[in-house]
Each structure stands twice: as structure tokens, then as C-alpha cells.
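This briefing accompanies the sequence and structure shown below.

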Amino acid sequence: MTALDLGLPAIGGLEGVPTTDEPQKAKDYKSDQEVRWCPGCGDYIVLNAVQSFLPALGLKRENIVFISGIGCSSRFPYYMNTYGMHSIHGRAPAIATGLATTRADLSVWVVTGDGDALSIGGNHLIHTLRRNVNLKILLFNNRIYGLTKGQYSPTSEEGKITKSTPYGSLDHPFNPVSLALGAEASFVGRALDSDRAGLTEVLRQAAEHRGSALVEIYQNCPIFNDGAFDVLKDTDEAPGRIINLKHGEPIRFGVEGEYGVVRSGFGTLGIARVSEAGEDALVVHDATLRDPSYAFALSRLSDQDLSHVVTGVFRSVSRPAYDDAARAQVERAAKAQPADLAALLLGNDTWIVAD
């Protein structure tokens, strides 16, 4: 089913949001609030990247909204010179859904963390993604509960020693990208806080997408999980670990592109040396495939030990957005049968109880 089947226009993620002709700069998106994260926190990098990226969209700041839940990342709305709301634990997607559905003129962003989104908010997140609400969801993943001082989170590695798991975590962690693809999210990406160019590009594509766009951001917590992603920032280690996706190009990585992604087994992907597998064996990345199984197979290349981490846009497909469909349905119903409150209150499913 397409947008046209539902009587909806095939429009991009920013369509309908008022634009401005006045040139904007990053400073225009900085609020007057003191940024209060721990020194060295990866949140600073993401905040700066978002503030620098938003002017390129050319939207009016009063038509941009950031909604967060609870956690260190959820302070984000205070630092943005836009509208925003610091909501309650795990419920940001539900609140944002209501706003996006009732206000087509807004660009609505959700800022959340691995604990907020995947623990108490897990159900809200997966249903938002399957409904394909027109939201941009930034999931900060530092593999720890930072605000509550260092307990293990749904993305902490097995065996992780924390304040709440002194003998090591027994839990098997979520892979947020796999989870999103399992919910059939129409757009899924991943970026590193330290990769400014890569993060900005994924954010740009997410903003232009119509529907739910989830971007997982690996982000360092210098106090309770310092160095969690250091191997991905090491100039010697990173080339052999990070697999950066580029639509339409063969997937290869390494200092000289000596490794590549190939098909391996039943519906799975694997890593091989290009010299052994051959150029023709390399998978050419296609983020627009309707079936999410390919993107899911890509997500499974990312291991807990970070031996391989896939970044970039895994999936970007077009399907009707929930909020567009809801507004269209209300409009059709209003035309077919004008609102009659008395008729609604005294419909067939009401009874008058006699004395």
C-alpha cells in the first residue's frame, strides 16, 4: 500500500513545515541555558552537530520541537532555541506521536537514551516505529545508565560489571538497530558521536525522510562508562572495525579497503578479504529494499565486542506515515458525515436505565 492508495500526497519529511528566508547559523539554535553535562560527555558533540545542522533545513525555529524522556540526553530540549518538552521516563514517543498527528506544520524530534528508549520506553518505541509516525528519533547509546549513576542498561555487554551487576551482567543486550528493523522502521541509521561528518549526513537523510526515522548514536559517558567506544576512535583500530554504508556502492572497509561484506549462509552476511572473495562477491548496499531482512542481516554484523560496527543508513523506504493517514481519515469522515455530538452521545450503543 502506498501513500497514494490512502489518498495522501507523496511528500518528504519536511513538506508542510514553514520555511524561512532569513539565513540561520548554529548560534541561532543555542538557548540561553547553561549546558550541564559532565566534562567530556559525548552529548556535547551531538548537541553541537544538531545545532550546526539544523540551519541547513531552512525551517522556522518556532516550527521545530524537541521532546525528550528522562536521562542525561533528555536535557537536550533545554539547550535548543526551539520549542521543546522534557517529558516522563520512556514516554517521549507517545507524547511526540500526539503532537505530530495534530500539528502537520511541525518538525518533531525525539531525544532519548538506551535506558529511556529500550527499557521502560521499549513498548512505546517499537509501536511508534511500526506505525511509522513522522518523527526523528535520536537514540543516544552509551551502554550505561548515566543519570542514575552507573547501573547496567539494556545495551550493556554480557558480563558488564557495574554498580547493579558487581559480578557481571547476565542479560543479553539489545542491538537497537536490529530492534528497529524488527519493528519494520522505515528509516534506520547509526553514527558515532566523534564522526561529525558521518553523523551530520545521517541526520540530514533522517530529516528528509517522511515517517519514523531512528538514528542510534554511539556516545561516550566519561564518568560511568568511559572509553566504551575508544576502539572505534583509534586511528589504528577503527579502519578494520567500522563498516560505513554508502547507498549504491560495494560494502568494503579497512585501511585500503581490503575487507568486504559478502553473502554467507542462509540469509546472512559475513566478512571476507576482497583478495580472496573477489570484487564480484561484494554486496552492493541498497537501503531502499522493501524487505527489511537485508538491512537486518547488516545489523547483525555489529558485535558486542565492537569487532565490527556498521554505520550509515541501513534502511530508507517510503510507506504511509501514521499521522498523515490519521489526518486524512478524519478529513474523509468529516466530509462523509458532519460532526454531530448529540448523535455520538446518543448512538446505538447507549441505554437509558429506568428508575
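**Sheet and salt bridges in a predicted model**

Isoleucine 64 stands opposite serine 107 in S3. This is a predicted model, in which local features need pLDDT of at least 70 and side-chain atom pairs count only at pLDDT 80 or more, while totals for chains, interfaces and linings use all residues. Residues are numbered from 1 along each chain as its sequence is written, and side-chain values use heavy atoms, with hydrogens and water left out.

**Sheet**

- Strand S1 (residues 64–68) and strand S3 (residues 107–113) run parallel and are joined by five bridges; strands are DSSP runs of E with at least two residues, helices are runs of H or I with at least four, and both are numbered from the N terminus.
- Contact means heavy atoms within 4.5 Å.

**Salt bridges**

- The structure holds 13 salt bridges, each defined as a side-chain nitrogen of Lys or Arg within 4 Å of a carboxyl oxygen of Asp or Glu.
- Aspartate 324 and arginine 210 meet through their side chains in a salt bridge (2.9 Å, N to O). The pair links distant parts of the chain, 114 residues apart: aspartate 324 is in helix H10 (residues 322–336), and arginine 210 is in the loop between helix H6 (196–208) and strand S6 (213–218).
- Aspartate 324 counts as buried because its relative accessibility is 12%, and arginine 210 counts as buried at 11%; buried means under 20% relative accessible area, exposed over 50% and partly exposed in between (1.4 Å probe, protein chains only).
- Glutamate 279 and arginine 252 also form a salt bridge between their side chains (2.9 Å, N to O). This pair, 27 residues apart, links distant parts of the chain: glutamate 279 in the loop between helix H8 (274–277) and helix H9 (293–299), and arginine 252 in strand S8 (residues 252–253).
- Glutamate 279 is partly exposed, with a relative accessible area of 48%, and arginine 252 is partly exposed at 32% relative accessibility.
- In the salt bridge between glutamate 157 and lysine 160, the closest N and O atoms are 3.9 Å apart. Lysine 160 is buried, with a relative accessible area of 16%.

**Alanine 183**

- Alanine 183 lies in the loop between helix H5 (176–182) and strand S5 (187–192), and is buried with a relative accessible area of 13%.
- Leaving aside neighbours within four places in sequence, alanine 183 is in contact with Ile126, Leu129 and Arg130.
- Alanine 183 and proline 292 are 109 residues apart in sequence, and their C-alpha atoms are 9.5 Å apart in space.

**Exposed segment**

- Leucine 346 is found in the segment after helix H11 (341–345), and counts as exposed at 67% relative accessibility.

Key. Two strands pair if DSSP finds at least two bridges between them.
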